[in-house]
Amino acid sequence: MAQAELTGSVSHDATEGGLRTRVVALLALAVFINYVDRGNLATAAPLMRNELKLDHTQIGMLLGAFFWVYTPGQLLAGWLAEKINAYRTLAIGVALWSLATVATGFATGFTAILMLRLLLGLGESAAFPCSSKLFGEHLPPHRLGFANGMVGVGLALGPAFGTFAGGLLMAKLGWRPVFILFGLVSILWLVPWFGLTRQSSRHADKPKATVAPSYLAVLRQRAAWGASLGHFTGNYAFYFVILWLPLYLVNARGFSVGQMGVVGGVIYVVYAISAQLTGFASDTWMRAGASATLVRKGFAVASHLGGALSLLACAIGGPITSIAALFFAAICFGFNAPTIFAIGQTLAGPRAAGKWIAVQNCIGNLAGILAPAVTGFIIDRTGQFTPAFLIAGAVSLLGVLGWGVIIQKVEPVDWDEGRSIGSGAPLG
């Protein structure tokens with residue numbers, strides 16, 4: 001009788017409603033924490049640069065170092081999500097990145113911070129493969145927009161909170177206490193996670209009737225490369241803004257650290273609102289009969305076109321035009337937040353969502369390595385942000401090719417037949 005009750009409880013927790021109302025909220029909170037902790041360095045950069053005597057190239061290296069491990073770590077996280085389940089893998093990741101954040105507050109030099117950024121990247125690599133595996137297994141396609149929209153809200157509000165609250169706190173307390181405080185708060189997330197997912201985690205350990213496709217099988221899909229290109233180009237523009245916005249506002253536009261926190265925070269709030277509205281609107285549109293191809297690809301292409309125009313306006317416009325363009329860029333980024341993962345999750349289907357997103361996010365986050373390094377180099381050589389904005393806009397425009405052309409239809413891959421249904425034949 002006890003076993004029957006346990007099974008029933010687990011089954012209920014794994015339903016669409018249970019996942020949406022309980023686990024999705026915690027996953028969105030995990031992504032919120034993820035982006036607060038990874039973005040702290042960008043917020044602290046103006047203060048840290050003066051205290052530790054760092055040049056822009058070194059700051060660019062520190063901002064990019066996170067992605068040196070975060071990017072390949074996607075593949076490890078996708079494998080662990082299958083091996084020890086997604087619930088447990090995510091918990092390990094959160095613990096690791098929280099401790100790295102705390103330790104950064106005690107770091108005394110460039111090398112120590114560099115090593116801790118690598119550790120932070122390893123822990124944070126668990127977030128998207130694990131959340132996508134759970135969404136792909138338990139949510140139908142017409143619910144993926146809302147769920148990923150909630151995650152997109154966490155993705156946007158994390159930098160908003162980190163930039164706004166972190167900026168104000170750093171202006172008063174300095175950067176070190178803020179890293180320690182945020183890291184200690186982050187680890188508290190594990191308490192409700194273990195409480196709400198313990199039984200589901202045990203259920204996920206049971207043998208499955210089908211096995212997940214290999215990484216090689218994913219890489220053979222044309223649509224996987226289209227999604228990865230789109231993800232990379234969108235990330236380049238987004239990471240350019242999220243990582244360099246504080247220095248841009250302070251050094252190029254003359255804002256104080258406190259003013260930078262307010263303006264930057266509001267920009268991310270706009271992004272969060274756009275992400276949630278996009279997720280809701282896209283699901284509503286699909287329930288009304290529109291195809292996933294029309295809805296998902298439509299929002300993705302619009303995001304890249306609008307983002308490119310916004311960054312161009314920042315490059316050639318004055319102060320007021322630039323700030324207005326950054327707000328418009330935030331709206332366009334919000335179009336993509338629920339879309340890029342929903343496309344991958346739909347194409348992969350329940351069996352492969354974790355590994356597909358691991359591959360897509362791995363390739364996509366190569367932008368996190370390139371964008372900070374290229375931007376830092378350009379600023380040091382030219383003394384201006386204008387060329388960096390032009391490059392980011394051009395890269396964003398390339399995303400139209402990935403989402404709009406290489407991916408033909410947003411329909412699930414038939415893994416048993418080894419071919420894609422409607423989204424392009426396998427490569428080779």
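## A friendly tour of the salt bridges and the core

The structure holds 5 salt bridges, a salt bridge being a side-chain nitrogen of Lys or Arg within 4 Å of a carboxyl oxygen of Asp or Glu. This is a predicted model, where local features need pLDDT of at least 70 and side-chain atom pairs count only at pLDDT 80 or more, while totals for chains, interfaces and linings use all residues. Residues are numbered from 1 along each chain as its sequence is written, and side-chain values use heavy atoms, leaving out hydrogens and water.

Visitor: How many helices and strands does the protein have?

Guide: Helices (H or I, at least four residues) and strands (E, at least two) are DSSP runs, numbered from the N terminus. By that count, the protein has 17 helices and 2 strands.

Visitor: What radius of gyration does the protein have?

Guide: The radius of gyration is taken over C-alpha atoms, and the globule rule is 2.2 Å times the number of residues to the power 0.38. With 428 residues, a compact globule would come out near 22 Å. The protein agrees with that, at 21 Å.

Visitor: Is aspartate 283 buried or exposed?

Guide: The side chains of aspartate 283 and arginine 296 meet in a salt bridge (3.4 Å, N to O). Aspartate 283 lies in helix H12 (residues 257-287) and arginine 296 in helix H13 (residues 292-316), so the pair ties together parts 13 residues apart in sequence. Arginine 296 counts as buried at 2% relative accessibility. Aspartate 283 has 2% relative accessibility, so it counts as buried.

Visitor: Which residues touch the most other members of the largest nonpolar core?

Guide: A nonpolar core is a set of buried Ala, Val, Leu, Ile, Met, Phe, Trp, Tyr and Cys residues joined through side-chain atoms within 4.5 Å. In soluble globular proteins, nonpolar side chains tend to be buried together. Of the 130 residues in the largest core here, the ones touching the most other members are Phe128, Trp193 and Trp356.

Visitor: Where is valine 410?

Guide: Valine 410 counts as buried, because its relative accessibility is 3%. Leaving aside residues up to four places away in sequence, valine 410 touches residues including Ala292, Arg296 and Leu347, where contact means heavy atoms within 4.5 Å. Its place is in the loop between helix H17 (386-406) and strand E1 (413-414).

Visitor: Which helix holds serine 186?

Guide: Serine 186 counts as buried, because its relative accessibility is 4%. Not counting residues up to four places away in sequence, serine 186 touches Ile33, Asp37, Val94 and Ser98. The helix, made of residues 175-187, is H8.

Methods:
Buried < 20%, exposed > 50% of the residue type's maximum accessible area, 1.4 Å probe, protein only.
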